Amino acid sequence: MKVTIHVLSPLAHGEFGANTGNIVGFRRETVRTADGIVQIPAISGNALRGRMRREIMREMLDACDISRETIPERSWDRLYGALCNGGTLDGAGEPRVSPSELRALRLAIPPLSVFGAALYSRMLSGRCQVGWARLDCVELGTGAELARDLVAEIGTVRHVDGEVYDVAAAGMSPMPVQTETVIAGATMTSRITVRGTELEASVIAHALDLVSTLGGKAGAGLGQVRIEHDGDGSSWVTHLTEHRDGIGAALRELAASLGGPVKQAKGKKPAVAAEPQADGIL
C-alpha cells in the first residue's frame, strides 16, 4: 500500500540524541543515494504505526461501548494498554497457547490481529509492516526541491500572565523553544505491507483515514496532515457496524482474561493506575 502524507501545517517529529537545549530537531534517516550519503527528514514507521493503532482502537472501543465506565477499572486499564499502546509482558514465560484460540481471537478482533500486541502473558504477532515516511525531495528523486529547503524552524514561547498571579512565587518564566519542522505543502511517502486478510488490509486503510495530525504540538496548530493511500477502508467500517455486538463481546472477554492479579512488592504501596495520556510527539 503506497501512502502519501500531505503536510498541511508545519510538522514536528522530535529526533533522539544529544541534548540540544531549547532546540528540537526533526528526526532524520540516513540514506545512501547515487550522489552519496544523505540525511533525510523522516517519520519512523514505528511512530506512524503507533498513531494508526491508537486511532483505530479508540474508534472500535467507542463503537462497542467499551470504557472505564462499562468494564472493571483494572481490566479497562490493561485492555486499553494492550490495544492502544501495544501491551507488555509481565510474566516469566509464555504459557502454552492453543493455535485455535489464537485464530479465534484474530477472527473476532481484526484490528488486534493486524497490529498485534503483547497480551501480558503471551504475544500476538502483528501482520503489517509500516515503512518510514521519507520527505519527498531532490536527493531521493521523489521531489522538485532540496530537503534543506523543505525544513524551517518555528519559534514559540510561553508568555506568563503576570497581572493575574505572582510569577516569581509560582516559579514560572517565559519558555522559548525553537522547533525544526517540515514546511506546509511538503509531502512524505511511506509503504505499508499487510500479510493478513483483506479485512485486515481494510483496517489499515481506515486507520490511515482516521489520522489527521502527526507529531508534536498539535494543540498549537502543528502537524495537520491529509493522508492519501491506495487502500480501501470501507470493508472494515461495514464490518464494525454489522458485527459491533460480537466484537464488543470478544473485547469484554479479552478484558476479563487480561485482568490478572495485582503484583505488589513487600513494603510498597499499591501503584495507582495512570490515566491514559493524550497523544504528543509520535
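Student: How many aromatic pairs does the count come to by the rule used here?

Tutor: The count comes to 1 aromatic pair. Rings of Phe, Tyr and Trp (its six-membered ring) pair if their centres lie within 6.5 Å; planes under 30 degrees apart count as stacked, over 60 as edge-to-face and the rest as tilted. Before we go on, please note that this is a predicted model, where local features need pLDDT of at least 70, side-chain atom pairs count only at pLDDT 80 or more, and totals for chains, interfaces and linings use all residues. Residues are numbered from 1 along each chain as its sequence is written, and side-chain values use heavy atoms, with hydrogens and water left out.

Student: Why is the pair of W76 and Y80 called tilted?

Tutor: The ring centres of W76 and Y80 are 5.4 Å apart and the planes are at 50°, so the pair is tilted. W76 and Y80 are 4 residues apart in helix α2 (residues 73-85), about one helical turn. Helices (H or I, at least four residues) and strands (E, at least two) are DSSP runs, numbered from the N terminus.

Student: What makes W76 count as buried?

Tutor: Buried means under 20% relative accessible area, exposed over 50%, partly exposed in between (1.4 Å probe, protein chains only). W76 has a relative accessible area of 9%, so W76 is buried. Y80 is buried too, with 10%.

Student: How do you know that R28 and E180 meet in a salt bridge?

Tutor: A salt bridge is a side-chain nitrogen of Lys or Arg within 4 Å of a carboxyl oxygen of Asp or Glu. For R28 and E180 the N to O distance is 2.9 Å, and their side chains meet in a salt bridge. R28 lies in strand β3 (residues 28-33) and E180 in strand β11 (residues 175-182), so the pair ties together parts that are 152 residues apart in sequence.

Student: Why is R28 called partly exposed, and what does E180 count as?

Tutor: R28 has a relative accessible area of 31%, so the term is partly exposed. At 17% relative accessibility, E180 counts as buried.

Student: What makes E200 and R127 a salt bridge?

Tutor: Their closest N and O atoms are 3.1 Å apart, and the limit is 4 Å. E200 lies in helix α6 (residues 198-210) and R127 in the loop between β7 (123-124) and β8 (128-130), so this pair ties together parts 73 residues apart in sequence. E200 is buried at 3%, while R127 is partly exposed at 25%.
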